[in-house]
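Thanks for coming, everyone. Before I start talking, please bring the sequence and the structure up side by side, so that you can follow along.

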Amino acid sequence: MLRAVKAKNARSKRVLDARLPKEVEDARTTIFVKGTHTGDVLNSVMKELMALKRPHAIAFNKKNAILPFDTSSTSHQSLEFWAGKNDASMFVVGQSTKKRPHGLSFVRMYDGRVLDMLEVGIENWAGMSSFKTPKSTPGHKPLMHFASELFDTHPRFVQLKSMLVDFFNGEEIDSICLPGIEHVISVSCAPTPSTLNTATLPTSGVTQDDTASLPKVHVRTYTIKLLASGTRIPRVELVPMGPSLDLVMRRHQPADSELWKQAMKRPKLKKTEVERGLGKKKKNLEVDDMGDLRGRVHIAKQDLKKLQTRKMKGLKGGDENQDEDMEDSREVKRQKV
Amino acid sequence: MRRVDCTGLCLDERMWFVQAKQLVPRFKVFFKHHNLSKMDVSAILASQIEKYQSVTVEKETPLEVDNGLLLVTDLNPVDEESYNENLEDHLQNLAREGVQTLLTSLFSLPTKPSPDGPLAILPPRIYQLPRAKPLPKPKPPTKWERFASAKGIQKKGSEKRDKKVWDEEKQDWVSRWGWGGKNREKEIQWLHVVPANADAEFDPRKAARDERKERIAKNDKRQQQNIARASGSTSAPQQRKSEIDTTLATTRISTASMGKFDRKLDGEKKMRGIKRKFEPTETRVDDEAKSSLALLSKMESDGKKIRMSSKTHSTEGAGGEGTLNVRKAIRFESKGRGGVALSRGGSSSRGRGGKKPMRGRR
């Protein structure tokens, strides 16, 4: 549906070049969309999440009839169109129905197509205004903390962790000003019920019982206070700030394995990184003490007798200075050949 | 500037030392009197240990820290009792321990100085996130980039141009381009010196403008060529041009002197590195015989023909048209009568008109 835009002047060309894929990507721009019916809770939650996500966030003003989990609808096409037009790669869709009250759907895109989706329901939330504490500066990178063993084992929670890290985390950075770390977003689960522990993966199809048996997820945001301790490392104290949500897992759509593999491709390691010592250990390559990358070249042993050197005619000794014997002997040699 | 004397200490430090030295015997008396030597030290040590402990976190399984992503994961199972007791406190304690571990590792990272203060250098990420867009395809290098990499020319940062340039005459900064820019100097100036040998219709302003436009057009042309080369598209005239070039090159090498003394055309490219190889005049008899036999067998063999026909078979599916002109063959064989006549009485006339290669006498 989107027409291919051709740049007519230098400014539009710069905008188009900024949208081209890069090796190291920027933060995912997120679009906050409201469904046909949202309600107070969802509106406030989405506002607060947007505050945490600024400036990489766009909010749609009007309500849209979008149902990401309804495969028969044109919702996916709408999502793809919006993603292309706004150069965004993540969506937060809020929809509240009688069956699924206060539902929030996270959608991730790859290459203009939907990669994976995740729906959660909101129970018990407290907004930033209800905490009368100082807040962090918008735009600062948050620390993230996940607490539960399910985030490593259960596929749904693995997806949730990936989605939340992608949502809150900003762009890739290689150095940070330590005093600039102001807040932390902590995601933890309720204690794991025994049903999940015994069966590693639910072999039967995902039924409604399964989604109900999944433990609740608690999201809390705190500001970090650093207190002096005896050592160089300060002691950490947390002060609650910002939104706190209790989420219930609902529907989900995992990523297509082929698309996921493509999305997880890494760029080739550059020479500077190999010099630092990353990447697979290659034979005959090593980084010496000075930090330079050195290689070894193995060649066969050279027969020095057959070595072809430059012919210096001036060094030959000169024929006129030779005595008769030498000349005779040389003439004899020539005749033999 | 600190004033330093022979001991290496500055004046203030020396004075402090002197004072401290005077105080030590007084401390000794104090300690002895109050019997503090045994008690205070342990108390101080205990408080020190407490401070240290407040920075360390003990858990069953150590927490996974990803410095590059500022992420810490706690894989210990959730403690049900504290969870049920007070949810918020439990969550806050969990988070505090996690953040403490993360900050401990963050503060132990190497730092680099910057105008805003020390920056901690983050290691590359461990936890991988999916990309939003596919990896960029590597662009093929442009003609200049190829030349530069072959020559070893490195791109320096000093090539960045400023918008303003210092003009010696005006003793002021002039912009390099745009309104009143230095690149349009010759067009804008109010007085032009016209050389004596110029014709009556010489317009210096127009000449300067044309020169500038020509430079721009050349740059555009080079850019377009780079883009075309990068996309790999070759149009029909370009293909024909490269075809002609290769044919020309082959014809030049076909002479005995490798085209060194041929009359060159206007737009022809110089042939580099193609020399005639002269074999030594005195070779061994068997080598000479071997080379002559090899040459003969190459001339006689149908190897090239077979190869040619197989190539045409593979490229044009239907029939090897390159090797045989069927119409002409039929005309020759039938002596103008045609293919039908040939099929009727062909067997008799085959022996006479057969095209067999001449075999020289060995």
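Predicted model: local features only at pLDDT ≥ 70, side-chain atom pairs only at ≥ 80, totals over all residues.

Residues are numbered from 1 along each chain as its sequence is written, chains are lettered from A and ligands numbered from 1 in the order in which they are written, and side-chain values use heavy atoms, with hydrogens and water left out.

Let me begin with chain A, which has ten helices and twelve strands, where helices (H or I, at least four residues) and strands (E, at least two) are DSSP runs numbered from the N terminus. Of the 337 residues in chain A, 37% are buried; buried means under 20% relative accessible area, exposed means over 50%, and partly exposed is what lies in between, with a 1.4 Å probe and protein chains only. If we take the contacts in chain A with a separation of 6 or more, 70% of them come from residues 24 or more positions apart, a contact being heavy atoms within 4.5 Å. Chain A exposes about 21,000 Å², and carbon and sulfur atoms supply 53% of that area, as computed by the Shrake-Rupley method with a 1.4 Å probe, where for residues only the protein chains shown count as cover.

Now to the interface. The size of an interface is often given as the accessible area lost when the parts come together. Here chain B and chain A bury about 5,600 Å² between them, 63% of it on carbon and sulfur atoms, and that buried area is the accessible area (1.4 Å probe) that two parts lose on being put together, summed over both. On the chain B side, Phe107(B), Pro130(B) and Arg131(B) lose the most area to chain A, together 14% of what that side buries. In terms of contacts, 51 residues of chain B meet 70 residues of chain A.

Between the two chains there are 28 residue pairs in polar contact, both residues at pLDDT 80 or more; a polar contact is a pair of N or O atoms within 3.5 Å, where within protein one must be able to donate a hydrogen and the other to accept it, and residues adjacent in sequence count only if both atoms are side-chain atoms. Which element gives the most to the side of chain B that touches chain A? That is α4(B), with 15 residues. By type, the residues on that side divide into 32 nonpolar, eight polar and eleven charged, with Ala, Val, Leu, Ile, Met, Phe, Trp, Tyr, Cys and Pro counted as nonpolar, Asp, Glu, Lys and Arg as charged, and the others, Gly among them, as polar.

Turning to salt bridges, the count over all chains is 21, the rule being a side-chain nitrogen of Lys or Arg within 4 Å of a carboxyl oxygen of Asp or Glu. Three salt bridges lie between chain B and chain A, including the one in which the side chains of Arg220(A) and Glu88(B) meet at 3.0 Å, N to O. Arg131(B) also forms a salt bridge with Glu25(A), with the closest N and O atoms 3.6 Å apart, and both of these residues are buried. Inside chain A, Arg108(A) and Asp116(A) meet in a salt bridge at 2.9 Å, N to O, and both are buried as well.

Finally, some backbone details that I would ask you to look at on screen. The peptide bond from Arg54(A) to Pro55(A) is cis, with omega near 5°, and Pro55(A) lies in the loop between α2 (40–53) and β2 (57–63) of chain A. His102(A), although not a glycine, has a positive phi of about 50°; its place is in the loop between β3 (90–95) and β4 (103–110) of chain A, and at 25% relative accessibility His102(A) counts as partly exposed. In chain B, Lys335(B) likewise has a positive phi, near 55°, and at 57% relative accessibility Lys335(B) counts as exposed.
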